Amino acid sequence: MGMGVPPSSLILSLGASRIYMQPAKDSSINGFRLPKPGIYVKLSGESYFNARDFVHVDLNMSINKGVIDNGYMKESRLCFNYGFGRTYKIAKFSISPGLCYSSVGYENTLTKKSYIETRFAPSLGVQSDLIIFSSDYRYIGLFVEGSLMFATPSRWVHQVTVGLAWKPSFRKPEKDIYLP
């Protein structure tokens, strides 16, 4: 009998992300705030050593919108992670170091000034899943992920994400052997 998540290779995760960052130091950027969570998408490939332990490769992106006085800001964060994890009957845990690239754009409509900055740093992500449904080839779970960028506080873009992880499969379950 297999554990909670059967060994297969592709998981799609969708969720809402909340980022924590400091704005750029510019005279046109005042009153920075992020009132709403952003959109998060992740594509993961997994390979199991045994029924519990696995390694994974992730590519994830989040897009967030914020406001500044007399304008707005947009932030996108792209991360590539490689890590390992463990699966239990109703939960799954993983840790994944990687690299993150973030691009932040500010637009002050009053002064008609725009400013774009990029941030690049190593990162560490930790994720836990609560398995809702698992069959031979399919999987649905709720996940919570935290990701930290290792940079000076003025350059970090930390993130917390909550969402749904789905392992699609187009294989049909094997039929039982029937003897007449």
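**View 1. Contacts of Met21 in the predicted model.** Met21 touches Phe32, Met73, Glu75, Val104, Tyr106, Arg119, Trp156 and Val157, leaving out residues up to four places away in sequence. Contact here means heavy atoms within 4.5 Å. This is a predicted model: local features need pLDDT of at least 70, side-chain atom pairs count only at pLDDT 80 or more, and totals for chains, interfaces and linings use all residues. Residues are numbered from 1 along each chain as its sequence is written, and side-chain values use heavy atoms, without hydrogens and water.

**View 2. Two nonpolar cores.** A nonpolar core is a set of buried Ala, Val, Leu, Ile, Met, Phe, Trp, Tyr and Cys residues joined through side-chain atoms within 4.5 Å. Buried means under 20% relative accessible area, exposed over 50%, partly exposed in between (1.4 Å probe, protein chains only). The largest core holds 14 residues; Met21, Met73 and Tyr106 have the most contacts inside it. Strand 1 (10-21), strand 4 (71-87) and strand 5 each supply at least two of its residues. Strand 5 gives the largest share, three residues. A second, separate core has six residues, including Ile11, Tyr40, Tyr139 and Phe143.

**View 3. Arg119 in strand 6.** Strand 6 spans residues 113-134 and contains Arg119. Strands are DSSP runs (E, at least two residues), numbered from the N terminus. Arg119 is buried, at 1% relative accessible area. Its side chain makes a polar contact with the side chain of Glu117 (2.7 Å). A polar contact is a pair of N or O atoms within 3.5 Å; within protein, one must be able to donate a hydrogen and the other to accept it, and residues adjacent in sequence count only if both atoms are side-chain atoms.

Terms used. Helix = DSSP H or I, 4+ residues; strand = E, 2+ residues; numbered from the N terminus.
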